[in-house]
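Biologist: Could we go through this model together? I would like to start with the overall picture and then turn to particular residues.

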Amino acid sequence: MDVEAQIESAVQIAWNPSADQSLKQQAFTFLNGLRQDPTCWQACLALFTRFPRSLDVVRHVSLEVVNNAIVGNHLEPAGLAYVRDALMNYIRTVYAAGGQAGPPDDAHIQNKLAQTMTYLFDALYASGWESFFDDFRALAGESAESIGVGNPAATVLYLRLLSSVHDEIADVLVPRDAANQRRANELKDLVRARDAPKIAASWREILAKWRQEEPAVVESCLKTLSRWVSWIDISLVVGDEMLGYLLDIAGQQGVGPSSSDSPQTRVRDAAIDTFTEIVSKKMKPADKISLIVFLRLPTVVHTLLQMPALEAQRFTSDYDTDLAEKVARLVNATVTDVVRALEAADTPDDTRRVADDLMQAFVPNLLRLLSDEYDEICSTVIHAVTDLLNALRRIVSRSGGALSPQYAALLPSILEAIISKMKYDETSSWGEEDDETDEAEFQDLRRRLDVLQQIIASIDPSLYIDTMSRIVGTTLAQLNQGGFDRVDWRELELALHETFIFGDFAAKREGMYAKQEPTSAASARLIEMMRQIVESDVGNYPHPAIHLLYMDTCVRYIAFFENNASAIPKALENFVRLIHVTHIKVRCRSWYLFQRFVKPLRNQLGDVAKTVIQAIADLLVIKAELPSDRDGDGDDDSEDKSQPTDPGYNPNDETFMSQLYLFEAVGNIAAPAAVSAPDKVLIASSVIGPIFEDMSRNLDPAKAGDERALNQIHHDIMALGTLAKGFADALQTTSLSSSSTTSAANAGGSAPPPQPQLPDELAAQFDRCSEAILVALQDLARFPFIRGAARFAFSRLQTVMGPRVLAQLPRWIDGLIMGPSAIAASSAGEDGAGRSAGPDSTELAALLRTLVQLVYAFRESMRSVLEELLTGLLERVFEALAAVPQGTDDALAGQELRREYVGFLGALLAPGSGVEFVLVSERNQASFDRVVASLVHFAKSAPGDAAAAKGAVGVMKGMVGAWGGPVILLPGGASAAKAKEEPTSPTTAATNGTNGVGAAGDVPRTPDPQPWLPGFDAFAVARFAPLPFEVPASAGFKASDAQSRAVLAELAALQVEMARRFGAAYLVRVRELLGELGVGEEGVGVYVGRWAKVVERRNGYGKEAA
């Protein structure tokens, strides 16, 4: 079997879907080898050009091999000439007029052939095939009269080739390296000099007979012209003759959407695209204005827009949206260039006047397209409108507020067109799941239109303010006079939406009020608009879009209600009613908005607190939703990864997650001082009582592993925690003023900050909440999502319970870390439901954060609690830290735990914490060595986790400061303190000289250390002193990295602190370490002497400060 037969057989096997897979693999391997073989192109060339023709797939692969040989420079000039001659002989045989070789190739083979000829053009046009375009032009028609008509097939191939050449050397979207770009530029220069006039003449020849020729030829010619016009001389394309043809083709009448796929329609659209490409050609502004005038584009656009397909049929189903979008592209490109000419500083005055006239002519067409019913058409011209408005804004800025009358007259029309597109159209619906994509696209369009409105507002604030006020006032007046039937929901939604975004102009910078007065004229008008909305019956309008936007608007302008208390009752009544709306898109978000509304107004709701909470009591009934309750169309990608994934847990219960806002709102409403203590207790018990009953009812089934009961318990715990958060927010706000009055007195002491206090009767309610959660936690601690809910509630309950939480803290920690008691209780009630292995890194990190808050809040009061629970907690932390990460998520969780762990230790050792010695107490002494070992390990792992390393070194410094004893004062310290020199890093200290210390670096005699923790001085010197030398020497440590520099700074601070507390004992150890590292005696002396001076300065400074 010869090579050609082998290639043909391999291709047929490779593309045969029923062929044996192993055989297909061999065929593909063989074909891949062909592409790399520099000698197989001859057989492939013969396969393509032979008669009878091979299968198309064989011929396609054959040309691909030839292409690889040409592009890969495998061919000498003689080989390239051979390929050219062979392919041209084939083309003349097939495509010449009257050819007897059968029909022309299919379109995809013609495209591949054009690609091959383009590669030959790239290689030979500069030298060797200067007649490239002439050869194909001659094949398409022997004379100007015959081109296109006499041989359509060859004409199409000629036009394909022109398009392919453009793509190869002039397409700006094709990435090219510098050498290829330079080569492409050289070829373009040659084409311009040699053949561009002849090619342009061939286009005119084809278009001259466009009514006689096949539409496909005319369409291809126009598309080719559109490509080439960007890089050839514009005078070759734009002339009276060519313009007449384009106007004639573009202005075809009787082409409508019923024939949108017809050849005539495609030709018309190609002509309009040609106008767009011509006007988009890069030119000087003055030249571009001349081009627009010559093309008579105002007349062209006006004629196109008056065509029946765009005018008479505009509001019918026969409206030609494709044609409208193409006209919009033409208008967008033209107006953009006119604006550019108007703004150019070097535009002559006469050209500027022409540009002004063009703008006045185009604006009506621009507004017609901007206000088109179809959003795609409107979006097409937004760029031009933006450019125009930005230009007007710059004119106003330069002229100090003056705008010429002709342009000032344009603004109202532009604003009205923008507003008309901000409204939902007549065919749109709202809130249906099938329309989510359309809704998202419309909201994106609204955002773009809003930008235009804001530009107009900056140009003419009065126009914008008056227009918005008129729209809102007129719509609300119609509603008040004629009722709901008088106003369409789309009109009312537009009025509310314009009010909602009006604040971006009126109140974004200075707010609505300053000292209870409007901050500006726009703010005063916004206040009036809000008053009209609140006093009207908008809140009762029977449409869900109005419900949601009404609430959003009230929440955004909450300052209006804060300064107009008389408006609160009606709005609050509307909110209470609207949160009962069952529409799927309103229900959950309305609960969130209700909480956002009542929270800042809570101090003004005391008189109606009980009434409001009674009115929403039916919404506080908790009903867990399982995945099986859904229709089965949920998206797994939407799963909340922040919650533990656990059998039976549903993280997508969106209804309940929104319901939590109602529980928080209850706390916000009930907590302020305006609500009496008995009423607070009554409100709290009315909410807590049903939750307790639900927990009691579901606890036993949950212990048995019932999924719904477990989710119900989870939701109950979360609700109690959220209720506590609502009370805590109000209490913390109330306590701010009192805490500020005592902050100065406590600034230098160790007293804990003041905590908000609840009345005893109300505090007892939250004690009950805590107890109920602890009972559930003890029995269900094996379920991670129950622990997560309990941790959520605990972090919020501790704020409202204050010091009372300390009595229950050991039980909380035992349950949250699955301590012995929790394990025993969970195991006893397991009943085959499975038991968790314990808290993971994420859980422990969250718990440590909460404990840090408690340490800072209660300080010395935490000592006994920490004595009891610290060892067990640390054991859990050590277990989690020792676990091998199984993936990226585990690794990130481990990093978080390390940071929280060192942060927790740092909080214990913070000055004034009152619990500095709990780590080394008799009960926790056994864990101390592991704590120190972990800190040393973290410090040495700086390249992998610099944050944990820095924190670990900081904890060691805290240990030295807390347990190392008093500062050792050196002689002359007071005088040194006056210099106030700060310590530097060890490296800097070693290079800055001895500062008066002898060259030998003799260590000054100092008193013996007197650590508050006996023996800690020797322990710290032994364990911590080597770290400043070992950490920078560890593999991967880069001192140039910012995080590594932070670690170095912390190591330097550790050295200073040890030297201050341990004096000469530490400096002697430093000498030994430097000697072990091979540092000479002189270097050791310089380094130690420098640090002796640092100790002297810091100690003196400390003495003087004391």
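Modeller: A contact here means heavy atoms within 4.5 Å. Among contacts in the protein chain between residues at least 6 apart in sequence, 77% join residues at least 24 apart. Please note that this is a predicted model, in which local features need pLDDT of at least 70, side-chain atom pairs count only at pLDDT 80 or more, and totals for chains, interfaces and linings use all residues. Residues are numbered from 1 along each chain as its sequence is written, and side-chain values use heavy atoms, with hydrogens and water left out.

Biologist: How many helices and strands are there in the protein chain?

Modeller: The protein chain has 49 helices and two strands. These are DSSP runs numbered from the N terminus: helices are H or I with at least four residues, and strands are E with at least two.

Biologist: And what percentage of the residues count as buried?

Modeller: Of the 1106 residues, 52% count as buried. Buried means under 20% relative accessible area, exposed means over 50%, and partly exposed lies in between, with a 1.4 Å probe and protein chains only.

Biologist: Let us turn to the rings. How many aromatic pairs are found?

Modeller: The search of the whole structure gives 39 aromatic pairs. Rings of Phe, Tyr and Trp (its six-membered ring) pair if their centres lie within 6.5 Å; planes under 30 degrees apart are stacked, over 60 edge-to-face, and the rest tilted.

Biologist: Where do Trp203 and Trp228 lie?

Modeller: Trp203 belongs to helix 10 (residues 196-208) and Trp228 to helix 11 (residues 215-228), so the pair ties together parts that are 25 residues apart in sequence. Trp203 is buried, at a relative accessible area of 0%, and Trp228 is buried, also at 0%.

Biologist: What about Phe575 and Phe597: stacked or edge-to-face?

Modeller: Phe575 and Phe597 are stacked, at 4.2 Å centre to centre with 10° between the planes. Phe575 is in helix 28 (residues 568-578) and Phe597 in helix 29 (residues 584-601), so that pair ties together parts 22 residues apart in sequence. Phe575 is buried with a relative accessible area of 0%, and Phe597 is buried with 1%.

Biologist: Which residues do ring pairs link into a cluster?

Modeller: The cluster includes Phe121, Tyr125, Trp129, Phe132, Phe133 and Phe136, together with Trp203, Trp228 and Trp231.

Biologist: Phe136 interests me. Which residues does Ile91 touch?

Modeller: Leaving out residues up to four places away in sequence, Ile91 touches Ala96, Leu113, Met117, Phe136, Leu139 and Leu157. Ile91 lies in helix 5 (residues 77-95) and is buried, with a relative accessible area of 0%. The C-alpha atoms of Ile91 and Phe136 are separated by 9.4 Å, although these residues are 45 apart along the chain.

Biologist: A different topic, then. Is Asp1008 buried or exposed?

Modeller: Asp1008 is exposed, with a relative accessible area of 64%. Asp1008 is found in the loop between helix 44 (986-991) and helix 45 (1016-1024). Its C-alpha atom is 7.6 Å from that of Gly1063, 55 residues apart along the chain.
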